[in-house]
Structures are given as structure tokens and as C-alpha cells.
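Thanks for asking me to take a look at this one.

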Amino acid sequence: LREIVSEHSDLPAETQDGERVSLQLNLGVSTENQYLQQLNVDGVGLYRSEIPFMMRERLPTEDEQVEMYRQVLDQFPDQPVVMRTLDVGGDKPLPYLPLQEDNPFLGWRGIRLTLDHPEIFLMQIRAMLRASIGRNNLRILLPMVTSTSEVDEASRMIHQAYFEVAEEQGCEVGENLFQPQLGVMIEVPAAIYQLEAIAAKVDFFSVGSNDLTQYLLAVDRNNRRVASLYDAYHPAVLASLDEIAKRCRDLNKPVSVCGELAGDPGGALLLVAMGYRTLSMNSFNIDRVRWILRNVRSSTLQVMLAKALQARYPEQIRKMITAKMESLG
Ligand code: PEP
Ligand code: MG
């Protein structure tokens, strides 16, 4: 199977009736890894900037960050690179910023933490912007957004950083320093009900199906005792993903999915059926998802989705997907 899958790796991710899907990479640490560079992808859909922060013993300096980000931007010079701002807290503690909270997943994490520490946020944005000088592929993504005011505050700081960097580095605004597109993660359920208000302030959305599943189902994604309840095929999760796709289409706002569901071949089929045309995933899923997409027709996907959205139990959906996979070999 591996050989059959890799035979397709140079071809576009496209259904048999020509629906083209962009496959992007989820990255943690930038690697010089040749394998990544050879992969046929449409850029980076999620660079988890917190990972290099977690691997250090202290906060990286602005210069160190510039170096880190430049490596990633340089690796994909002609493709978009979506850099998410620091998403620590919850299950991702920083060794040098100990947090004691009874409910870390409902606590000080993601954008909440960085807006309370503007010096950390500004330093990171300045570093991303400096790294992007001479390039036009940086996009910035805000994690764990719950309220419109968080987007306002973050935008204000990004603006400030942009003009500071332009002046300090003697850049020509719009010539060798571009204003990056700004996006928001849809992963806190509250954001779904404010899509319109948030859409007016940003360029794109990216659905974090991992956290969205956790918060919709009120199930800690890392607690083994409730692991069986954590299920992205839960009808409530699929209904909300479908709703997000529809609303974004109505709002004419680009939307992608960067949670694990996008890299799961069955999940990818459902997401494409819903209308998502950009999926971001770990490197090892890229060719599997490409292969499966190249072996289906959108009409079949629509039938599958209609059934999935009517299912009462995740098991029904899983069974249907397994049957589909088996029919494809
Ligand atoms: C998500 O929540 O789906 C996501 C992509 O972000 P992370 O897994 O890093 O929280
Ligand atoms: Mg998340």
C-alpha cells in the first residue's frame, strides 16, 4: 500500500471529478529535514510556535526567535506559512513559567496568556515580522480566541509591531515588509457564534478540531479515564464543523482545518464533503490523505456526508467510513 500511496505523491490532491484540495503541513520544530522539503505540499498550515519555546530553559530572545522563524519561512519561500502565536498553558506548560491552576484547560492559555504578557506577544510578533523581511509568505494565527476584543487587542499590537519593525529596519512598507494576513483559530465553541463579527477583522479562519472537540464535548483530550468519550466523529462535532464551513462560505472567508481530524483519511473525506478545501496535517498523513482524495468522487462524498450528518452515534459514522476505506482497498 505504501508504494501505491507514494506513487501519487507528486500529483495534486484532487478528487476524481477534479475538486482540488490544498494539503498543508503542521510543523513543530523547524527541521532541515530533506524529507519535509521534498513533500508535495501547499505550505505550512500550522506552525506551533510554542514547541521551540517548550524545548528551552528560558524564553528565547527576539534575535533567537528571528532565527527560528526565518528558517521556517525560508524552507517554504513561495508558499504560505501560517505561524500561530504562542499557545502555552493547558497541556503545554513552559518549564520557566510554572502555572498552578485547578482547571488548566479552562484557564490561562493561548491568546489569554499572551495578551496578559504584551511584552512576550510583542516580542514574538516583532521576531516573526523581522524574519519575514524580503518575503511575503508569513501569516499570523491567533490561538484560543473566545472574544472579539481579544482580536482587537492582538491586531492593535501586531500593527504597532509592524510599524516599529518597519522603522527600525528601514523597510519600505509593502515593498520588502508586508503586512501579514491575520487569522483566528476556531477552537473555543464561543467563536462559532461570533464568526461574523470576527470575520470582519481577520483574513482567514483555521479550525482547531482537537480543542473544539474537547470543549464541545467537555472531555479533557488527555485524560485517559474519559478518552473513549473524546470523539471527533461525535454527531455534535460533525454538525458544528459543517456549520462552520457553511457560515464561512456565506461570509466569503477562507477556512482550513488544522486539527488531527484533517489528517485522518476518513475525517478528511468528511471535511472535503463539507466544503473545506484546505487541510493541514502532520507530514506522515499527507500522502495518505492525497491518495484517498484521488480515489473518490465528490458525489460519493456528498452521499457519505448526508448519512454522517444524520447519524445518531459515532459508531455508525465510523462503520460507514471503514466500509468506504475497505472498498478502496
Ligand atoms: C487544535 O486544537 O485542533 C489544534 C490544531 O491546536 P493544538 O492541537 O496545538 O491545540
Ligand atoms: Mg488547540
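1. How many bridges join E6 to strand E7, and do the two run parallel or antiparallel? There are 3 bridges between E6 and E7 (residues 255-257), and the strands run parallel. Within this pair, Phe-205 stands opposite Val-255 in E7. Please keep in mind throughout that this is a predicted model.

2. On to the other partner of E6. Strand E6 (residues 204-207) is also joined to E5 by 4 bridges, and these two strands run parallel as well. Here Ile-186 stands opposite Val-207 in E6.

3. Val-184 is worth a click. This residue sits in strand E5, which covers residues 181-186. Val-184 counts as buried because 28 C-beta neighbours lie inside 10 Å, where 20 or more are needed. Leaving out residues up to four places away in sequence, Val-184 touches Leu-142, Val-145, Val-151, Ala-191, Ile-198, Val-202 and Phe-205. The C-alpha atoms of Val-184 and Leu-141 are separated by 5.4 Å, although the two residues are 43 apart along the chain.

4. Now the nonpolar core. The largest one has 82 residues, and Val-184, Leu-271 and Leu-279 are those with the most contacts inside it. Helix H12 (residues 265-274) gives the most to this core, with 7 residues. Beyond its neighbours within four places in sequence, Leu-271 is in contact with Leu-241, Val-257, Leu-261, Ala-262, Tyr-276 and Leu-279. In general, nonpolar side chains of soluble globular proteins tend to be buried together.

5. Which residues are around ligand 1? They are Leu-46, Arg-48, Asp-87, Glu-187, Gly-208, Ser-209, Asn-210, Asp-211, Cys-258 and Gly-259. By type, this shell divides into 2 nonpolar, 4 polar and 4 charged residues. Strand E2 (44-48) and helix H10 (209-217) each supply at least two residues of the shell, and H10 has the largest share, 3 residues.

6. Two backbone angles deserve a look. Met-144 has a positive phi of about 60 degrees although it is not a glycine, and phi of Asn-252, also a residue other than glycine, is near 60 degrees. Met-144 is found in the loop between strand E4 (138-142) and helix H7 (148-168), while Asn-252 is found in the loop between helix H11 (235-251) and E7.

7. Are these two residues buried or exposed? Met-144 has 24 C-beta neighbours inside 10 Å, so it counts as buried. Asn-252 has 7 C-beta neighbours inside 10 Å and therefore counts as exposed.

8. Finally, the overall picture. The protein has 15 helices and 8 strands. Its radius of gyration is 20 Å, close to the 20 Å that the globule rule gives for 329 residues, so the protein is as compact as a globular protein of that length. The C-alpha trace spans about 60 × 45 × 40 Å along its principal axes. Of the 329 residues, 39% count as buried. Among contacts between residues at least 6 apart in sequence, 69% join residues at least 24 apart.

Definitions and conventions. Residues numbered from 1 in each chain as written. Chains lettered and ligands numbered in written order. Predicted model: local features only at pLDDT ≥ 70, side-chain atom pairs only at ≥ 80, totals over all residues. Buried ≥ 20, exposed ≤ 12 C-beta atoms within 10 Å, placed from the backbone. Contact = placed C-beta atoms within 7 Å. Near = placed C-beta within 6 Å. Nonpolar A, V, L, I, M, F, W, Y, C, P; charged D, E, K, R; others polar. Pairing = 2+ DSSP bridges. Core = buried A, V, L, I, M, F, W, Y, C linked by C-beta atoms within 7 Å. Rg over C-alpha atoms; globule rule 2.2 N^0.38 Å.
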